[in-house]
Protein chains: 2
Amino acid sequence: MKDLKAILTTVEQLFREETFLAAPKGLYEPIEYTMSLGGKRIRPTMLLAANQMFGGDERNAVNAAIGIELFHNFTLLHDDLMDQSPLRRGKATVYRKWNPNTAILSGDTMFALAWRYMLKTETTRLSDILNCFNETAIEVCEGQQYDMDFEQQQDVSIADYMMMIRKKTAVLLAGALQIGATIANADSDDIANLYDFGIHLGLAFQLQDDWLDTYGDVALFGKQTGQDIIDNKKTYMILRACELASPAQCDELHRLFGQNTQTDGESAKKISDVLSIYSAVGLRAEAENAIAAEFAKAYESLDRLKVSESAKLPLVQLSESLLGRKK
Amino acid sequence: MKDLKAILTTVEQLFREETFLAAPKGLYEPIEYTMSLGGKRIRPTMLLAANQMFGGDERNAVNAAIGIELFHNFTLLHDDLMDQSPLRRGKATVYRKWNPNTAILSGDTMFALAWRYMLKTETTRLSDILNCFNETAIEVCEGQQYDMDFEQQQDVSIADYMMMIRKKTAVLLAGALQIGATIANADSDDIANLYDFGIHLGLAFQLQDDWLDTYGDVALFGKQTGQDIIDNKKTYMILRACELASPAQCDELHRLFGQNTQTDGESAKKISDVLSIYSAVGLRAEAENAIAAEFAKAYESLDRLKVSESAKLPLVQLSESLLGRKK
């Protein structure tokens with residue numbers, strides 16, 4: 001039985017050995033570039049961990065692991081173009097390093113390459129895996145659309161927001177787990193519980209990401225806090241703050257989130273004004289409770305699995321490393 | 001046994017009854033819009049015709065027919081954005097009617113929806129169909145990349161050009177036929193011959209499209225001739241003309257294809273200068289021979305099929321209507 005570190009090593013080796021280069025170069029070089037930028041490889045790791053948990057043969061799951069990571073990177077490639085993000089993992093995004101058309105077409109090709117690997121999976125349950133993969137892909141697209149819609153929309157409820165991050169982020173983690181477990185021929189109860197674990201872990205992770213932007217330790221997380229506030233980004237923090245706030249506080253938050261600051265001084269002032277309202281409405285504890293609640297639900301689902309505690313270890317380790325906390 | 005007209009009626013009804021609307025609207029309305037614009041529905045028609053040819057049950061093939069048309073329209077949606085084409089079938093393209101991000105994301109979703117229909121196909125050979133669909137999709141992406149590459153490239157040979165149009169246009173016709181025949185459980189020889197028929201028909205069709213731009217009857221085809229010349233577009237016509245031309249004529253063609261004309265008068269002069277070189281090198285007959293050769297190869301492949309002549313009738317009718325000529 002491999003622990004998390006050993007599975008991560010396997011995944012790293014998988015991507016080091018695999019090449020996505022082919023002709024025409026203009027199409028495949030951006031794909032090779034994207035796949036070699038690295039990243040945490042969370043989804044293939046979860047897929048292999050789920051497969052191992054139910055006694056699956058790793059060799060039957062590696063193609064699906066590559067496929068799920070190709071799909072994830074395809075969505076990043078198109079999202080970066082849609083969001084006009086200049087950097088990804090500290091390097092130029094494809095539409096910047098090449099051009100928008102390359103980002104579109106190389107992205108499309110990555111989606112098809114993801115299918116090529118998925119289709120190579122050796123299993124009697126191929127149809128289940130492919131349906132799960134495809135329905136997940138559709139939900140991820142829907143999540144991205146809701147995310148773009150919400151940026152233009154005044155009143156976004158926490159329920160709306162949770163639905164959006166569920167589709168945009170959580171279903172792909174859950175789908176990766178489901179596919180890994182299905183290849184190992186897990187039963188339907190275990191698959192459903194593992195899927196729920198992935199959903200709640202994904203929600204906890206995204207909520208924590210929102211929380212970190214406001215209350216994160218710069219030294220620990222390497223990201224400047226307050227960027228979402230400067231960008232007027234609708235996250236759990238502002239949306240929940242407005243629900244908790246008085247009408248006057250909510251108006252003030254809306255006014256602040258309508259500002260585009262020009263100088264560092266203006267930005268610092270905006271962040272501090274927002275933070276003082278967050279503090280007044282008790283947002284920090286509220287957000288921490290919401291994260292803890294999702295994390296607890298994730299563990300409840302994991303507890304229900306009919307496998308030994310030691311079989312669960314890699315996923316427990318992964319959850320702890322993602323969320324920086326223990327059960 | 002349905003003739004071409006009856007199959008076309010079936011296909012029309014299929015798309016009239018099917019809706020692609022769902023939430024979020026911003027994602028699915030552009031898909032519904034695209035799919036309701038119509039078009040000749042050549043690919044689903046070919047798929048159903050191939051399925052019928054080998055005695056397949058039409059009900060098992062309709063989902064794949066919808067899937068192949070969704071895929072085709074997805075490629076048009078992204079191509080229109082990449083090519084900045086304002087119109088498709090006389091209506092505003094999606095990136096114009098909505099915006100580029102919508103074109104990207106709704107397109108991605110159409111590709112996934114195509115898979116949803118493909119996956120619904122009732123057949124014991126699902127894996128064959130899905131592999132054919134996916135490898136075809138990858139080739140179509142490669143074809144679009146070569147097309148964009150060639151626009152920036154000085155020396156494109158006829159062999160390069162044929163490879164490009166094979167991938168960009170012909171493989172999807174061939175793939176549609178292969179999928180239809182596979183659902184009907186045709187044997188591998190018949191599938192290979194039918195695939196070749198699709199390839200050569202697609203090549204003949206694209207070469208004819210190039211020829212029509214130069215020598216087409218405006219009254220018959222409703223398209224102004226010479227547009228490719230005005231746009232400096234690399235088609236069979238200019239590429240083959242350069243191969244046939246003297247160095248001096250070739251230089252003159254390159255000079256003319258470097259011009260961006262500003263007035264109708266300038267455009268007319270450019271077209272007439274190009275046409276006089278085409279005429280001097282005998283391009284018209286050359287192109288007509290090339291079209292006829294591909295058409296003949298298509299029919300040779302069709303002749304090899306181990307089915308009755310009456311079973312071949314719908315595909316013969318389709319070829320004639322596409323190419324406006326008889327066997």
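Select helix 6 of chain A together with helix 4 of chain B: the two cross with a left-handed sense. The model is predicted, and in it helix 6 of chain A covers residues 100-119. The axes of this helix and helix 4 of chain B lie 10 Å apart, at an angle of about 160°. An angle over 145° counts as roughly antiparallel, so helix 6 of chain A is roughly antiparallel to helix 4 of chain B.

Now show the side chains at this crossing. From helix 6 of chain A, pick A:Asn101, A:Ile104, A:Leu105 and A:Asp108. Their partners in helix 4 of chain B are B:His78, B:Leu81 and B:Met82. By class, this contact has four nonpolar, two polar and one charged residues.

Chain A and chain B give 30 residues each. Which elements of chain B give two or more residues to the side that touches chain A? They are helix 2 (25-36), helix 4 (58-83), helix 6 (100-119) and helix 7 (126-152). Helix 7 of chain B has the largest share, 14 residues. Colour this side of chain B by class to find 17 nonpolar, nine polar and four charged residues.

Last, stay in chain B and select helix 12 (residues 236-244) and helix 15 (residues 283-303). Their axes come within 10 Å and cross at roughly 120°, and are therefore oblique to each other. This crossing is right-handed. Among the residues in contact are B:Tyr236 and B:Leu244 of helix 12 and B:Leu283 of helix 15.

Conventions
Residues are numbered from 1 along each chain as its sequence is written. Chains are lettered from A and ligands numbered from 1 in the order in which they are written. This is a predicted model: local features need pLDDT of at least 70, side-chain atom pairs count only at pLDDT 80 or more; totals for chains, interfaces and linings use all residues. Axes are lines fitted to C-alpha atoms, for helices over the stretch in contact, and angles run from 0 to 180 degrees between N-to-C directions. Helices (H or I, at least four residues) and strands (E, at least two) are DSSP runs, numbered from the N terminus. Angles under 35 degrees count as roughly parallel, over 145 as roughly antiparallel, 65 to 115 as roughly perpendicular and the rest as oblique. A crossing is left-handed if the near helix is turned anticlockwise from the far one by less than a right angle, and right-handed if clockwise. Two residues are in contact if their C-beta atoms, placed from the backbone, lie within 7 Å. Ala, Val, Leu, Ile, Met, Phe, Trp, Tyr, Cys and Pro count as nonpolar, Asp, Glu, Lys and Arg as charged, and the others, Gly among them, as polar.
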